[in-house]
Amino acid sequence: MKIDYHTHHQRCGHAVGTLREYVEKAIELGIEQLGLSDHMPLFHIDPQQYLPEVAMSRSELANYVEECYNLKREYTRQIDIRVGLEADYIEGHEREIERILGDFEWDYVIGSVHFIGHNSEWDITDYRMIHLWQGKDVADVYRHYYDKVKKAASCGLFDFIGHVDAIKRFGFQCTQNTFEWEKEALDVIRKNDLAVELNTAGWAAKAAEQYPSQRMLHYCREIGIPITLGSDAHQPGHLMRDFDKALQMLKQVGIHQLATFSQRGRFMINTVYN
Ligand SMILES: [Zn+2]
Ligand SMILES: [Zn+2]
């Protein structure tokens with residue numbers, strides 16, 4: 001079965017294409033389950049002032065959800081649309097996130113750590129903030145990032161963790177061995193019964209590999225963390241990008257099932273290898 005559980009569209013301000021264009025492209029590609037998961041509106045910073053084009057506005061969220069459900073109904077014979085959101089984990093603002101999520105019905109919610117720093121002011125996935133690495137101890141940044149991942153996994157708001165080792169995105173490599181921190185984070189994810197996505201967007205980034213790394217995928221299998229699959233597409237043409245490589249990797253690691261989500265429940269399906 002072909003699935004893609006991580007997609008964006010033009011509402012967030014940095015993606016291209018309407019929801020309908022993603023749905024039609026997905027049908028063309030033979031995707032059977034398409035997860036719509038645009039970025040959660042931000043509230044801890046003023047996006048207009050501070051960081052434009054990062055997420056949809058709060059007032060737009062209801063329109064997003066309504067359009068998702070309309071498309072789900074309209075295309076029900078051709079494709080199974082799952083309605084989701086990529087939520088940010090913002091430390092100290094868990095109740096606010098809960099309120100945002102609580103206003104709507106979701107098939108699933110991705111929990112992603114984009115923002116780190118004491119006031120969650122540094123988006124480590126935004127190239128406009130790369131300069132913040134300067135003068136920092138790379139190991140400290142990695143440790144701090146995985147600390148946030150653990151808190152995200154523990155807060156009880158999410159179904160799976162997005163791009164769990166996104167800290168590697170811009171290629172800042174840690175000379176210290178980070179595997180212990182990665183394993184600790186995965187242990188917390190397991191304890192909270194969350195899944196992890198294999199996110200293929202990393203191949204096109206400076207990281208030049210999928211999220212998470214192969215060693216993390218091995219550890220997921222070892223301790224029984226379910227894996228789902230997402231392209232993190234920011235344009236319709238990127239749906240299922242590098243999925244052939246992803247499936248090869250899963251096969252190598254010995255993962256034969258993928259997690260799918262409906263109404264906040266998780267369902268495992270068999271992976272089809274080419
Ligand atoms: Zn995005
Ligand atoms: Zn993300």
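## The zinc ion (ligand 1)

In this predicted model, the zinc ion (ligand 1) is held by the NE2 atoms of His14, His39 and His234, at 2.0 to 2.1 Å, and along the chain these donors follow the spacing H-x24-H-x194-H. Histidine 39 sits in the loop between strand 2 (33–36) and helix 2 (47–50), while histidine 234 sits in the loop between strand 9 and helix 8, so this pair ties together parts that lie 195 residues apart in sequence.

## The zinc ion (ligand 2)

The zinc ion (ligand 2) is 5.7 Å from the zinc ion (ligand 1).

Seven strands make up an open sheet with parallel pairing, in the order 1-2-3-4-7-8-9. Strand 1 (3–4) and strand 9 (227–230) each have a single partner strand and stand at the edges, so one side of each has no neighbour in the sheet.

Within this sheet, strand 7 (residues 160–161) and strand 8 (residues 195–199) run parallel and are joined by two bridges, with isoleucine 161 standing opposite valine 196 of strand 8. Helix 8 (residues 243–253) lies across strand 1, strand 8 and strand 9, and runs at about 165° to strand 9.

## The nonpolar core

The largest nonpolar core contains 93 residues, of which Tyr64 and Ile189 touch the most other members; helix 5 (residues 138–154) supplies the largest share of this core, with eight residues. When neighbours within four places in sequence are left aside, the contacts of tyrosine 64 include His9, Arg11, Leu19, Leu36, Met56, Leu85 and Trp106.

## Helix 6

Which residues of helix 6 are buried? They are Phe179, Trp181, Glu182, Lys183, Ala185, Leu186, Val188 and Ile189, and what covers the buried residues of this helix includes helix 5, strand 7, strand 8 and helix 7 (214–223).

The length of helix 6 (residues 179–191) can be checked against its residue count: at 1.5 Å a residue, its 13 residues should span 18 Å, and this agrees with the 18 Å between its end C-alpha atoms. After helix 6 comes aspartate 193, which has a positive phi, near 55°.

## Phenylalanine 104

Phenylalanine 104 is placed in the loop between helix 4 (94–102) and strand 4, where this residue is partly exposed, with a relative accessible area of 23%. Not counting residues up to four places away in sequence, phenylalanine 104 touches Leu61, Ala62 and Val65. The C-alpha atoms of phenylalanine 104 and arginine 143 are separated by 34 Å, and the two residues are 39 residues apart along the chain.

Technical notes: Residues numbered from 1 in each chain as written. Chains lettered and ligands numbered in written order. Predicted model: local features only at pLDDT ≥ 70, side-chain atom pairs only at ≥ 80, totals over all residues. Heavy atoms only, no water. Donors = N, O, S within 2.8 Å, 3.2 Å for Na, K, Ca; no water. Pairing = 2+ DSSP bridges. Helix = DSSP H or I, 4+ residues; strand = E, 2+ residues; numbered from the N terminus. Contact = heavy atoms within 4.5 Å. Axes fitted to C-alpha atoms, helices over the stretch in contact; angles between N-to-C directions. Core = buried A, V, L, I, M, F, W, Y, C linked by side-chain atoms within 4.5 Å. Buried < 20%, exposed > 50% of the residue type's maximum accessible area, 1.4 Å probe, protein only. Expected span 1.5 Å × (residues − 1).
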